[in-house]
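Please keep the sequence and the model in view while reading.

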Amino acid sequence: MATGDSTSGFLSKLGASVKSIVKMALKSRAPRLSPTAAEGASLIILGNGPSLNRTMDEHQASLEANPLMAVNFAANAPQFRQLRPDYYILVDPVFFNDLENANVTRLWEQLRSVSWPMILFVPAGARIPVRLDGNVTVSRFNPVGVEGFHFLENFAYSHGLGMPRPRNVLIPAIMVGIALGYKKIYLAGADHSWTRTLEVTDDNTVVSVQPHFYEDNEAEHARVASVYKDIRLHEIMLSFHIAFRSYFSIKRFAARQGCQIINSTPGSFIDAFTRAPLP
């Protein structure tokens, strides 16, 4: 049995490795990220989970003293211009392809009028739909999911050719932070407590609510409902599985790079990283 399990595991990793090599060959562009973090600086990545409100109330000094990275629709929240993040990251194709979405349009209007120096990270090949102000510098990364043998993962991750499967924006956010050279990365607003809000209606429609620190408007609720309209529960649970598994791949790679990932989110469901308060 042990030999069979070992053989099965090897073949599984071999198949994943071959698939990853093909994906990198087809999708990855020349990496452009290089270490720019100041020596001794710690990065705080701001997820959009509801606990971020508590963090902003209780840890304002930490948020003012350390470099920040914001994600997704955070720029549409009133707190965005108070936080003045140093970095911003977008991954989901909706931000580049659904320009008739009022929330996406508003997001780009907010980003184009940033009044402080900020680096915007977007996937290689993504088209920026607006002319950004000179305060915003665009940098690109490869959101190509790479799995398989550890030596292949290490090579792809360290050379910016791929990353653990990016089923959540926090995954590329952390990987970009590592690439920038930060040795301590703190996570705030990374609740990931989605299973608490899962429902299945009497007509077998799966309802997945992902609350944020800001209040989503009706247009966003409608968009999310349309995305999940034909998705079954096992598909959603598999997506959760992939995301949480990716954090363990990040943990292994971060340790290899001499980087510590610290989860400072109260009540977070992420079980891969050390828990500690913000610096």
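H192 has a relative accessible area of 8% and therefore counts as buried, since the cut-off lies under 20%. The model in which this residue is seen is a predicted one. H192 belongs to the loop between strand 6 and strand 7 (198-200), and its phi is near 55°, a positive value in a residue other than glycine.

**Other positive phi values**

- N72 also has a positive phi although it is a residue other than glycine, with a value near 50°.
- The position of N72 is in the loop between strand 2 and helix 4 (80-83).
- Two glycines with positive phi come after helices: G160 follows helix 7, with phi near 70°, and G181 follows helix 8, with phi near 100°.

- S51 sits in the loop between strand 1 (42-46) and helix 2 (52-58).
- Why is S51 counted as buried? Its relative accessibility is 9%, and the cut-off for a buried residue is under 20%.
- When its neighbours within four places in sequence are left aside, S51 is in contact with G189, D191, T265 and P266.
- L107 is part of helix 6 (residues 102-112), and it is buried because its relative accessible area is 0%.
- Residues up to four places away in sequence not being counted, L107 touches N72, F73, A75, N76, Y88, L90 and F95.
- L107 and A74 are separated by 33 residues in sequence, while their C-alpha atoms are 8.3 Å apart in space.

- How many of the residues of helix 8 (residues 170-179) are buried? The count is 9 of its 10 residues, and the helix is mostly covered.
- These buried residues are L170, I171, P172, A173, I174, M175, V176, G177 and I178.
- In helix 7, the buried residues include L152, E153, N154, A156 and Y157.

**Nonpolar cores**

- In soluble globular proteins, nonpolar side chains tend to be buried together.
- The largest nonpolar core of this model contains 45 residues, and I89, I174, I178, Y247 and I261 have the most contacts inside it.
- Two or more residues of this core come from each of strand 1, strand 2 (68-71), strand 3, helix 7, helix 8, strand 6 and helix 10 (233-256).
- Helix 10 makes the greatest contribution to this core, with 8 residues.
- Another core lies apart from it and has 36 residues, including A74, F96, L132 and Y186.
- With residues up to four places away in sequence not counted, I178 touches I185, I250, F253, A254, Q257, C259 and I261.

**Aromatic pairs**

- The structure contains 13 aromatic pairs.
- One of these pairs is formed by Y87 and Y182; it is edge-to-face, with 6.2 Å from centre to centre and 80° between the planes.
- Which parts of the chain does this pair link? Y87 belongs to strand 3 (residues 87-89) and Y182 to the loop between helix 8 and strand 6 (184-188), so that distant parts of the chain, 95 residues apart, are linked.
- Y87 and Y182 are both buried.
- A cluster of W194, F240, F244, Y247 and F273 is linked by ring pairs.

**Pocket and cavity**

- The second largest pocket holds about 350 Å³ of space.
- It is lined by 23 residues, of which Y157, S158, G160, M175 and A179 are the closest to its centre.
- Strand 5 (136-141), helix 7 (150-158) and helix 8 each provide at least two residues of this pocket's lining, and the largest share, 4 residues, is from helix 8.
- By class, the lining of the second largest pocket has 13 nonpolar, 7 polar and 3 charged residues.
- The model has 1 cavity of 30 Å³ or more, and the largest cavity contains about 40 Å³ of space.
- Which residues line the largest cavity? They are L46, L52, A70, A74, F80, L83 and F213.
- The lining of the largest cavity consists of 7 nonpolar residues, with no polar and no charged ones.

How values were computed. Residues numbered from 1 in each chain as written. Heavy atoms only, no water. Buried < 20%, exposed > 50% of the residue type's maximum accessible area, 1.4 Å probe, protein only. Phe/Tyr/Trp six-rings, centres within 6.5 Å; stacked < 30°, edge-to-face > 60°. 1 Å grid on protein atoms, 1.4 Å probe; cavity = no way out; pocket = protein on both sides within 12 Å on 5 of 7 lines; lining within 4 Å. Points joined across faces, edges and corners; volume = space filled by probe spheres on them. Nonpolar A, V, L, I, M, F, W, Y, C, P; charged D, E, K, R; others polar. Contact = heavy atoms within 4.5 Å. Core = buried A, V, L, I, M, F, W, Y, C linked by side-chain atoms within 4.5 Å.
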